[in-house]
Amino acid sequence: MSTSQKLQRFLDLADLTREEVLELLALAARLERHPEPRALAGRILGLLFFNPSLRTLASFQAAMTRLGGSSFVISPGQGTWQLETRRGVVMDGAAAEHIREGIPVLASYCDALGIRAFAQGTDLAHDLAETTFNDMAALVDKPLINMESAVNHPCQALADWKTLDELAIPQRGRFVLSWVWHPRALPLAVPAAALHMAALRGMDVTVLRPEGFALPAAIMDRARQAATLSGGSVRETADRADALNGTQVLYAKEWGATEAYGDAAEDARLRQGLRDWCVREGWFKHAAPDCRVMHCLPVRRNTAIADEVLDGPRSAVQREAYNRLPAQMAVLHALLSS
Ligand code: CP
């Protein structure tokens, strides 16, 4: 996408060059300064949520309304037919309709469609290949937005980049993506997207995680490729003191053990004894004095991040959540304005 080319789909920050991301961020800032309440008048955004949401749902509806358009929301199985996503199954279970019929129908009612479909969490290769999301994307002949798929969350990544800029974190600043504790395995979408975003921004990135919780090689490799393009770097360690020394940003996120993917009992065994992976003020003794803490939300207080940090001056979580609105206004404007 350049100023002369229209954005067709917003599925992955990696589909855009660094310069194209900067253009979207400039558009987001412009729409904040100079609102365009008629830009998308008469346009309709369909929002298909296979999984729960607070920020993504509310910010997309607000963004569309602020630009003069409107939206509808479908949450399959909650007042609408349950949708089957698997290929070739005998549909004698709960789902009354297949995505092969349902998604083209929804797309025919709107000018752009957003889809949220989390990882299935049983087969790592299936999820890394974005099999379910790609099956759905192939059914949509309109502008399409990834509202979080198995291993990606580009809307969160765009908002997080905007937040880093607003916090005046240097392009080559030090960014730590840290695993934090959660009672069970969570998907890889946000850690993968945040890691890639920071690498593409050109930052010196460290993935801090306990043994057993290394991110899949495919996710690390993708981030390293982005760092190579942008002049940043990517490394990983289990040594918290080493990782946090001098860091300017700590991005906290929960995720499951790659080596126990789809095995809840083994994942639970691996995370036993890791409850001290809850971000506390004591973590920042050797960080940059004004080191900021980021998290995409929702966050569990005093399991992933302690009250003292979430309620203190380091926390940027509200800014990140707010930035979903202007970032997505920019995406919608780029996809739909004439
Ligand atoms: N960060 C994020 O996507 O929030 P929701 O899951 O509430 O949409």
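Trainee: Why is Q318 called exposed?

Mentor: The model is predicted, and every value here is computed from it. Exposed means over 50% relative accessible area. Q318 has 59% relative accessibility, so it counts as exposed. Q318 is found in helix α12, residues 317-336.

Trainee: How far apart are Q318 and T163 in sequence and in space?

Mentor: They are separated by 155 residues in sequence, while the C-alpha to C-alpha distance is 9.9 Å.

Trainee: Why is T131 called buried?

Mentor: The cut-off for buried is under 20%. T131 has 18% relative accessibility, and therefore counts as buried. T131 sits in helix α5, residues 131-137. Leaving aside residues up to four places away in sequence, T131 touches R87 and H126.

Trainee: What makes R271 buried?

Mentor: The same cut-off of under 20% applies. R271 is at 3% relative accessibility, so R271 counts as buried. Helix α10, residues 264-271, holds R271.

Trainee: Which residues does R271 touch, not counting those up to four places away in sequence?

Mentor: R271 touches W179, W181, H182, P183, R184, A185, F213, W255, G256 and A257. One of these, W179, also has a bridge partner in β11, namely K253.

Trainee: What makes β1 and β3 edge strands?

Mentor: An open sheet is formed by 5 strands in the order β1-β7-β6-β2-β3, with parallel pairing. Its edge strands are β1 (9-10) and β3 (70-74), each of which pairs on one side only.

Trainee: How many bridges hold β6 and β7 as a pair?

Mentor: Strand β6, residues 112-116, and strand β7, residues 144-146, pair in the parallel sense over 3 bridges, where at least two are needed. The bridge partner of I115 in β7 is N146.

Trainee: Why does the radius of gyration of the chain agree with a compact globule?

Mentor: For 338 residues, a compact globule would have a radius of gyration near 20 Å, and the chain has 20 Å, so the two agree. The C-alpha atoms fill a box of roughly 55 × 50 × 35 Å along the principal axes.

Trainee: What share of the residues in the chain is buried?

Mentor: Buried residues make up 55% of the 338. The chain exposes about 14,400 Å², of which carbon and sulfur atoms supply 51%.

Trainee: What share of the contacts between residues at least 6 apart in sequence joins residues at least 24 apart?

Mentor: That share is 80% in the chain. As for secondary structure, the chain has 12 helices and 12 strands.

Technical notes
Residues are numbered from 1 along each chain as its sequence is written. This is a predicted model: local features need pLDDT of at least 70, side-chain atom pairs count only at pLDDT 80 or more; totals for chains, interfaces and linings use all residues. Side-chain values use heavy atoms; hydrogens and water are left out. Helices (H or I, at least four residues) and strands (E, at least two) are DSSP runs, numbered from the N terminus. The radius of gyration is taken over C-alpha atoms; the globule rule is 2.2 Å times the number of residues to the power 0.38. Buried means under 20% relative accessible area, exposed over 50%, partly exposed in between (1.4 Å probe, protein chains only). Contact means heavy atoms within 4.5 Å. Accessible areas come from the Shrake-Rupley method with a 1.4 Å probe; for residues, only the protein chains shown count as cover.
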